[in-house]
Structures are given as C-alpha cells and as structure tokens.
Amino acid sequence: MTDIPLTPRPTGEQPTSPPPGAVPVTVRRGLGDDAAQGNFWQQIGGRPTFEKLVRRFYDGVRTDDVLWPMYPEADLEGAIQRLTGFLEQYWGGPTTYSQERGHPRLRMRHMPFRVTPEARDRWLQHMRVAVDELELAPLDDAMLWGYLDRAAQAMVNTFDR
Ligand code: HEM
C-alpha cells in the first residue's frame with residue numbers, strides 16, 4: 001500500500017498508459033484523509049467555501065428567536081471561527097480546530113444548551129439555506145448534507161419543550 005501515490009502527480013508527469021495488468025481503483029482511506037482525487041475539503045473549495053457556509057448559517061441563526069439566545073452575542077466571530085474550523089477539520093482541511101480547542105467532544109460541548117427537536121430543526125433549516133447557496137455538485141451536496149443532518153440528530157439532548 002505504501003507505494004500507491006495518494007496525491008496527483010504534477011502536470012506533465014501523468015503516465016500515458018496504465019502499467020500492464022493495472023486495474024482501475026479508487027483509493028479511499030476514509031474522510032479526513034487524502035484520497036487520489038484530493039479530499040472533500042479541497043474538492044468543494046477549501047477555506048472560502050467553509051467560511052461562506054458558516055457565515056451564511058449564522059446570518060440565519062441571528063434572526064432565530066429559539067437559537068440566537070443560546071449563542072454568545074459578544075463573540076459571534078469566535079463562534080463562526082469554531083464551527084468553520086471544526087467542519088474544515090472534519091472534511092480533511094487544517095487541524096487548527098483541535099489545536100486550539102482539543103478533542104471536539106461535540107455532544108458534551110452541547111450539554112449546556114437545550115438542544116430540543118425544535119432547535120435541531122431550526123439549526124438544520126438555516127444550514128440548508130447556507131448549503132444551497134454554495135451551489136455544490138449534487139453528490140457533494142448530498143455528502144455534506146447527509147453528515148450535517150445526522151450530526152444534528154445526534155446533538156439533541158432535551159426532548160421536552
Ligand atoms: C442541533 C442543533 C444545534 C444547536 C442548537 C447548537 C448550538 C450550539 C451553540 C449554542 C454553540 C455555542 C457557540 C460557540 O460559542 O461556539 C455551539 C457550538 C458548536 N457547535 Fe453546535 N449546535 C447544534 C448542532 C451542531 C452540529 C450538528 C454541529 C456539527 C456538525 C455543531 C458544531 C458545533 C461546534 C464545533 C461548536 C463549537 C464547540 C467549541 O469548540 O466550543 N453544532 N453549538
């Protein structure tokens with residue numbers, strides 16, 4: 001496995017024909033790691049895409065009477081950076097989030113907040129608007145959305161209203 005090139009060759013070094021007996025394969029080593037096609041973070045545009053996503057998400061959160069009271073109004077920029085950094089790291093970008101915040105432990109970090117089914121639905125509504133504005137390719141959209149949806153379900157910690 002160690003001699004499989006996991007990053008694309010520089011332009012001009014592409015082999016003109018596959019080696020004898022070569023079988024086309026897609027090398028995937030799991031999310032957050034480089035694959036032959038580059039990782040998902042790179043694939044959808046890197047930092048600018050993730051920052052655009054999170055800023056648009058927070059534009060919605062700021063208008064939300066259930067969600068906004070939970071967020072630190074005086075540190076909105078900090079909240080933007082934390083969520084952006086976490087999502088970038090999850091999808092294979094820089095690991096700045098963990099360097100600054102340690103292990104994500106997201107469920108635990110959400111325990112101080114009342115994450116009800118209603119809060120989850122609103123969180124997802126604002127995120128849906130933000131994902132739509134990225135205008136990703138359908139498969140990329142589905143990949144990102146599938147994760148956000150599952151993660152949001154997992155964050156619910158209060159079932160009374
Ligand atoms: C389901 C509804 C959710 C609610 C109501 C909610 C609410 C919150 C609130 C109030 C904060 C504190 C803001 C801050 O100071 O950073 C926070 C932080 C955060 N949330 Fe959520 N959240 C939800 C779902 C999610 C999901 C699905 C993810 C991940 C995909 C996520 C990732 C984060 C991260 C990374 C932080 C910063 C943690 C830290 O380092 O302190 N949240 N969330």
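**Alanine 152 and beyond**

Reply: In this predicted model, alanine 152 counts as partly exposed because 17 other C-beta atoms lie within 10 Å of its own, while a buried residue would need 20 or more.

Me: OK, and which helix is alanine 152 in?

Reply: Alanine 152 sits in helix α7.

Me: Leaving aside neighbours within four places in sequence, what is alanine 152 in contact with?

Reply: Once those neighbours within four places are set aside, alanine 152 has contacts with Arg120, Trp123 and Leu124. The C-alpha atom of alanine 152 is also 8.4 Å from that of aspartate 121, although the two residues are 31 apart along the chain.

Me: Switching to the ligand, how many residues surround it, and which are the closest?

Reply: The ligand is surrounded by 21 residues, and the closest are Met70, Ala79, Phe86, Trp123 and Ala151. Trp123, one of these closest residues, is also one of the contacts of alanine 152.

Me: Which helices supply at least two residues of that shell?

Reply: At least two shell residues come from each of α3 (76-90), α5 (106-109), α6 (117-134) and α7 (138-155).

Me: And how do the shell residues divide by nonpolar, polar and charged?

Reply: The shell around the ligand is made up of 16 nonpolar residues, 1 polar residue and 4 charged residues.

Me: Let's look at α3 on its own, then. What does α3 reach from its first C-alpha to its last?

Reply: With its 15 residues, α3 reaches 21 Å from the first C-alpha to the last, which is close to the 21 Å expected at 1.5 Å a residue.

Me: Which residues of α3 are buried, and what do they pack against?

Reply: The buried residues of α3 are Thr84, Gly85, Leu87, Glu88 and Gln89, and they pack against α1 (40-43), α2 (46-61) and α4 (96-101). After α3 comes glycine 92, which has a positive phi, near 100°.

Me: Speaking of positive phi, what about arginine 105?

Reply: Arginine 105 is not a glycine, yet its phi is positive at about 40°, and the residue is placed in the loop between α4 and α5. Arginine 105 counts as exposed because it has 10 other C-beta atoms within 10 Å, and the cut-off for exposed is 12 or fewer.

Me: And glutamate 135, is it buried or exposed?

Reply: Glutamate 135 is exposed, with 8 other C-beta atoms within 10 Å. Glutamate 135 lies in the loop between α6 and α7 and has a positive phi of about 50°, although it is not a glycine.

Me: Zooming out, how many helices and strands are in the chain, and what share of it is buried?

Reply: The chain has 7 helices and 0 strands, and 15% of its 161 residues count as buried. Among the contacts in the chain with a separation of 6 or more, 72% are between residues 24 or more positions apart.

Me: Last topic, confidence: what pLDDT does the chain average?

Reply: The average pLDDT of the chain is 86, and 76% of the residues score at least 70. Over residues 1-14, however, pLDDT is below 50, and this stretch has 7 contacts in the model beyond near neighbours in sequence. For residues 25-36 pLDDT stays under 50 as well, and there the model has 20 contacts beyond four places in sequence.

Technical notes. Residues numbered from 1 in each chain as written. Predicted model: local features only at pLDDT ≥ 70, side-chain atom pairs only at ≥ 80, totals over all residues. Near = placed C-beta within 6 Å. Helix = DSSP H or I, 4+ residues; strand = E, 2+ residues; numbered from the N terminus. Nonpolar A, V, L, I, M, F, W, Y, C, P; charged D, E, K, R; others polar. Expected span 1.5 Å × (residues − 1). Contact = placed C-beta atoms within 7 Å. pLDDT = per-residue confidence, 0-100.
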